[in-house]
Amino acid sequence: MYCGACMRDNALVRAIRALGHDAILLPLYTPLTTDQPDQSNGRVFFGGLNVFLQHTSAIFRKIPAWLDRPLDASPLLRLAGRFAAKTQPSALGELTISVLRGEEGSHAKELNRLLGWMSSQPRPDAIILSNALLCGLAARLKQTLGAPVICTLQGEDFFLDSLPESHREKAWSVLRERAADINGFIAVSRYYADVMSQRLSLPAEKVRVVYNGIDVAGYEPLPLVARASLPANASAGTEARPTPTVGFLARMAPEKGLHTLIDAFEAVHAKIPDVRLRIAGSKTPGDEPFVKKMTEKLKSAGLLPQVEFLPNLSRQKKIEFLQSLDVLSVPAEYGESFGLYVLEALACGVPVVQPRHAAFPELLEATGGGILYAPGRVDELAEGIYSLLKDPRRRAALGAAGRASVLARFTQEQMARDVIGVVQAFAGARADLKTDSSLQGNHDQRSIS
């Protein structure tokens with residue numbers, strides 16, 4: 001599967017470098033899973049196998065590094081990830097709390113290893129943690145490297161709230177403590193800045209908003225004539241015509257609302273018999289039971305021949321998938337902090353139909369690229385999709401507005417400029433960073449990690 005946070009961070013580092021800065025990307029737990037060239041240095045710290053073993057047995061906290069280093073090899077971690085089930089928060093309560101406790105947890109050896117490597121590199125101007133679940137590292141990072149630590153906020157609440165009740169409040173409590181070690185936070189939306197500011201008791205001046213951005217290269221609308229397809233029962237020589245197509249692009253999991261979209265699709269099909277549904281996104285072995293259940297549901301309704309499942313697409317295949325759509329909808333049921341799939345669809349000129357909650361109202365207000373419906377109302381979702389499928393002019397107008405907004409405000413370059421601005425604000429005089437990309441190649445040995 002491709003990891004949305006990995007793709008976002010990978011794109012950010014590449015864009016920061018393009019602006020003329022040094023940036024080092026250090027994966028934790030597993031190698032990056034991204035649909036573009038990996039910008040990391042190839043090493044993995046806090047390797048998932050070692051983290052698990054050190055948490056479950058004190059013996060592994062004491063063995064020498066040369067014995068546990070092979071477990072951090074990227075090929076082995078990728079192999080383990082390929083056969084692993086979906087990570088279940090219900091099984092990770094104690095481990096989550098241990099990592100949040102940082103040097104006081106069961107992974108002090110891993111933290112010391114990370115610090116040892118970072119100390120051998122040029123001293124950074126700032127260190128950016130990818131998410132708040134890594135806040136336990138901040139105190140030692142600041143103490144050892146003398147650099148401010150900034151933390152991105154991007155969806156941690158869903159994971160923490162899914163922990164067993166016996167660990168949930170403890171995890172939030174430890175996180176609130178460790179958040180005090182962070183110099184500043186970058187939230188990916190105003191909505192999520194408000195959520196995490198409240199839940200972590202963060203002062204307003206400590207939180208900035210930087211919208212996610214994507215690499216827009218290759219994302220473009222496909223001319224209608226090129227998107228036209230033949231009906232399944234067409235004979236040779238039949239004139240091609242567009243088939244109304246609805247899409248889903250997210251993890252094939254209940255929290256992303258795939259079952260809700262399938263219910264809405266059934267209602268739309270009653271009005272537009274030739275409508276099709278294309279379902280793409282990440283799928284792990286742990287998602288298989290849910291996908292099988294959805295397949296059986298479609299089969300029982302007689303709709304399976306009009307539905308495609310396209311898991312774990314490459315970047316080019318993902319773009320081609322988006323270009324084949326008339327409308328995209330991901331009816332996420334939880335408080336989505338952003339939703340990169342909205343940007344990706346709009347970059348291809350495809351309007352979206354999203355629930356009126358979480359970050360979606362904010363995104364659609366900023367882009368003008370879709371319509372909202374009341375969360376939980378399958379009938380409203382179906383009506384929203386139907387209304388766009390039956391109104392090509394409105395569909396085209398929303399798609400064009402959304403694409404223009406993405407190109408102007410939601411590129412990886414804009415995200416990188418905004419992140420550099422936040423680093424300068426929180427790092428103060430230590431972050432003597434350039435903002436003019438024309439200076440690329442003339443920068444010193446300072447870096448952002």
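Reader: What volume does the largest cavity have?
Author: In this predicted model, the largest cavity has a volume of about 140 Å³.

Reader: And how many cavities of 30 Å³ or more does the structure hold?
Author: There are two cavities of 30 Å³ or more in the structure.

Reader: Staying with the largest cavity, which residues are the closest to its centre?
Author: The lining of the largest cavity is made up of 15 residues, and those closest to its centre are M7, Q36, I214, D215 and R315.

Reader: Which elements give two or more residues to that lining?
Author: Those elements are α1 (4–18), α14 and α15 (340–347), and it is α1 that gives the most to the lining of the largest cavity, namely four residues.

Reader: How do the lining residues divide into nonpolar, polar and charged?
Author: For the largest cavity, the lining residues divide into six charged, five nonpolar and four polar.

Reader: Changing topic to the backbone, which phi does F46 have?
Author: F46 has a positive phi of about 50 degrees, although F46 is not a glycine.

Reader: Where is F46 found, then?
Author: F46 is found in the loop that runs between β1 (22–23) and α2 (48–56).

Reader: Is F46 buried or exposed?
Author: F46 counts as buried, because its relative accessibility is 4% and the cut-off for buried is under 20% relative accessible area.

Reader: What about the phi of N312?
Author: N312, which is not a glycine either, has a positive phi of about 50 degrees. The place of N312 is the loop between β8 (307–311) and α14 (315–323), and α14 is one of the elements that give two or more residues to the lining of the largest cavity.

Reader: What share of the residues is buried, and what does the accessible surface come to?
Author: Of the 449 residues in the protein, 52% are buried, while the accessible surface comes to about 19,200 Å², with 54% of that area belonging to carbon and sulfur atoms.

Reader: Last one, what share of the contacts with a separation of 6 or more comes from residues 24 or more positions apart?
Author: Among the contacts in the protein with a separation of 6 or more, 71% are accounted for by residues 24 or more positions apart.

Terms used. Residues are numbered from 1 along each chain as its sequence is written. This is a predicted model: local features need pLDDT of at least 70, side-chain atom pairs count only at pLDDT 80 or more; totals for chains, interfaces and linings use all residues. Side-chain values use heavy atoms; hydrogens and water are left out. Buried means under 20% relative accessible area, exposed over 50%, partly exposed in between (1.4 Å probe, protein chains only). Contact means heavy atoms within 4.5 Å. Accessible areas come from the Shrake-Rupley method with a 1.4 Å probe; for residues, only the protein chains shown count as cover. On a 1 Å grid over the protein atoms alone, a cavity is a set of points where a 1.4 Å probe fits but cannot get out, and a pocket is an open set with protein on both sides within 12 Å along at least five of seven lines; lining residues have an atom within 4 Å of a point. Grid points are joined across faces, edges and corners, and a volume is the space filled by probe spheres set on the points. Ala, Val, Leu, Ile, Met, Phe, Trp, Tyr, Cys and Pro count as nonpolar, Asp, Glu, Lys and Arg as charged, and the others, Gly among them, as polar.
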